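Trainee: Could you walk me through this model, one question at a time?
Mentor: Gladly, let us look at it together.

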Amino acid sequence: MAKLNKNDSALSFAAAVTAMSIATGKRLMRNFQYYRQSSDAVVTRPECLEILKQIRMNLFGLQNLYLNSSDEKQHHTSSSFKVMLAKQVQDGFEDLHRKILFYDADDISEFIPLIDRNRSFWKDSTEPEFYDENLPRKIDRQLVSDFPVLKKNIMALPARST
């Protein structure tokens, strides 16, 4: 059996494959649970806030990868992690969108456009051009300001969906 050298890119590749497998498994589990839901499913504010928190943590993780990828070797080893984190951000917004739709239209009409804008932004995360050196600035300028607004509006939702 081959040994992985700590300095070898194979170790980074193995870690990236493992992380991608976990992310794919989480996505499959979420989709399975979503399609298995009954029509009387209930969504709560804490669920939506937890999704928003996870999105934010993944977003900051992605931005931190850009801070630490100054040399060419580091850039290539972190690329798969950037894709994985971006996909988790995208999946988080998709999940938040699905859950928010359980609430009455009057309760969500003000902030559903923010969620849709973020979903639209992250849908291109499968394209290599998405990951240019300006991505952290785009995130800061266009999206970070959405989080306090989303949190405030989620906190204003009824305790449970109807």
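What follows is a set of questions and answers about this structure.

Mentor: Before you start, note that this is a predicted model, in which local features need pLDDT of at least 70, side-chain atom pairs count only at pLDDT 80 or more, and totals for chains, interfaces and linings use all residues. Residues are numbered from 1 along each chain as its sequence is written, and side-chain values use heavy atoms, with hydrogens and water left out.

Trainee: Which pattern does the protein chain follow along the sequence?
Mentor: Helices (H or I, at least four residues) and strands (E, at least two) are DSSP runs, numbered from the N terminus. The protein chain has seven helices and zero strands. Read along the sequence, the pattern is α-α-α-α-α-α-α.

Trainee: What share of the 162 residues in the protein chain is buried?
Mentor: Buried means under 20% relative accessible area, exposed over 50%, and partly exposed in between, with a 1.4 Å probe and protein chains only. Of the 162 residues in the protein chain, the buried share is 36%.

Trainee: What is the relative accessible area of Leu150?
Mentor: Leu150 has its place in helix 7. Its C-alpha atom is separated by 8.9 Å from that of Ile112, 38 residues apart along the chain. Leu150 is buried, and its relative accessible area is 0%.

Trainee: How is helix 5 placed relative to helix 7?
Mentor: Two packed helices are described by the angle between their axes and the distance between the axes. Axes are lines fitted to C-alpha atoms, for helices over the stretch in contact, and angles run from 0 to 180 degrees between N-to-C directions. Helix 5 (residues 112–122) packs with helix 7 at an angle of about 135 degrees, with the axes 10 Å apart. Angles under 35 degrees count as roughly parallel, over 145 as roughly antiparallel, 65 to 115 as roughly perpendicular and the rest as oblique, which makes helix 5 relative to helix 7 oblique.

Trainee: What kind of aromatic pair do Phe121 and Trp122 form?
Mentor: Rings of Phe, Tyr and Trp (its six-membered ring) pair if their centres lie within 6.5 Å; planes under 30 degrees apart count as stacked, over 60 as edge-to-face and the rest as tilted. A search of the whole structure finds five aromatic pairs. In Phe121 and Trp122 the ring centres are 5.1 Å apart and the planes are at 80 degrees, so the pair is edge-to-face.

Trainee: Is Trp122 buried or exposed?
Mentor: Trp122 belongs to one aromatic cluster with Phe121, Phe130 and Tyr131. Its relative accessibility is 1%, so Trp122 counts as buried.

Trainee: Which ring does the charged end of Lys82 sit over?
Mentor: Lys82 is found in helix 3 (residues 72–100), and Lys82 is buried, with a relative accessible area of 2%. A charge sits over a ring if NZ of Lys or CZ of Arg is within 6 Å of the ring centre and within 35 degrees of the ring normal. At 4.0 Å from the ring centre, the charged end of Lys82 sits over the ring of Tyr66.
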